[in-house]
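Hello,

Here is the structure for you to take over. Please open it alongside this note. My findings follow below.

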Amino acid sequence: MNIKERLHRILATLPEGVSLVAVSKFHPAASIMEAYEAGQRIFGESRPQEMTAKAMELPKDIEWSMIGHLQTNKVKMIAPYVTMISSVDSARLIEEIERQAARYERCIDILLEVHVAQEETKSGWDVDELRTYIASGALSSMPHVRVRGVMTIATNTDDESIVRGDFKRIRDIFEELKGYFDTSFDTLSIGMSDDYPIALEYGSTMVRIGTAIFGHRVY
Ligand SMILES: *Cc1c(COP(=O)(O)O)cnc(C)c1O
């Protein structure tokens, strides 16, 4: 199967209202163009430099989504064009996004990355710290940041019950946090190549799929 066929096969399995981020990190611009010509417009990248180079080269109606851990000093590189930053894991990072988005008179969508996996290494907010931060009201003074929802990466394991536990927890957190925001808080970003069918069962509204579209990455 080629990229177009794999993309269309995946899209056919997504319920209405679920968006697909085609994760193109480490794949060449030519692969992105294949997906683009098949109709895909949202692409996910994990490194600011790589994303910026691709954004300069590729069609302007692509919506770029930063999915990897983002250092605060790299925000300014992507602020002029990025549509969504889905790996937002600290107050400092949010403040920097607000500052840079304001400079460009833009509003940048963000997802709060929450740590729910059974692994020490995974990034993301601790749930209690996130609750405290949101309750502080700090976000209400940031007009250039729009909090669209939450994102997580489930535990990397063959044990499906652990993955289900992670998705259940993030879905509960998503429902709880909705109470603090307006209707634009509508995005539950869960599900990657190996676990997206399960994520859909837990109400995913945004899957992030790389390998199943573009094949294996060569690092
Ligand atoms: C790389 C990556 C993906 C895509 O992973 P695949 O297994 O290739 O589908 C999704 N989300 C995040 C945060 C990633 O870093």
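**Ligand and pockets**

A backbone N or O atom of glycine 210 lies 2.9 Å from an oxygen atom of the ligand. Bear in mind that this is a predicted model.

A polar side-chain atom of serine 193 is 2.5 Å from an oxygen atom of the ligand. For threonine 211, a polar side-chain atom is 2.6 Å from an oxygen atom of the ligand. On its own the ligand has 380 Å² of accessible area, and the protein covers 90% of that.

The residues around the ligand also include Val23, Lys25, Ile67, Arg208 and Arg217. By class, this shell has five nonpolar, three polar and three charged residues.

Where does the ligand sit? The space it takes is the largest pocket. That pocket has a volume of about 740 Å³. It is lined by 32 residues, and Ile153, Met192, Ser193, Asp195 and Arg217 are the closest to its centre. Helix 7 (160-178), strand 8 (206-209) and helix 9 (211-214) each supply at least two lining residues. The lining divides into 11 nonpolar, 11 polar and 10 charged residues.

Now the second largest pocket. It holds about 260 Å³ of space. Its lining has 13 residues, with Leu139, Ser140, Val147, Tyr180 and Phe181 nearest the centre. Which strand gives the most to this lining? Strand 6 (residues 145-151) does, with three residues. Here the classes are eight nonpolar, three polar and two charged.

Best wishes

How values were computed. Residues numbered from 1 in each chain as written. Predicted model: local features only at pLDDT ≥ 70, side-chain atom pairs only at ≥ 80, totals over all residues. Heavy atoms only, no water. Near = heavy atom within 4 Å. Polar contact = N/O pair within 3.5 Å; in protein donor to acceptor, adjacent residues only side chain to side chain. Areas by Shrake-Rupley, 256 points an atom, 1.4 Å probe, with all protein chains shown as cover. 1 Å grid on protein atoms, 1.4 Å probe; cavity = no way out; pocket = protein on both sides within 12 Å on 5 of 7 lines; lining within 4 Å. Sits in = over half its atoms within 2 Å of the grid points. Nonpolar A, V, L, I, M, F, W, Y, C, P; charged D, E, K, R; others polar. Points joined across faces, edges and corners; volume = space filled by probe spheres on them. Helix = DSSP H or I, 4+ residues; strand = E, 2+ residues; numbered from the N terminus.
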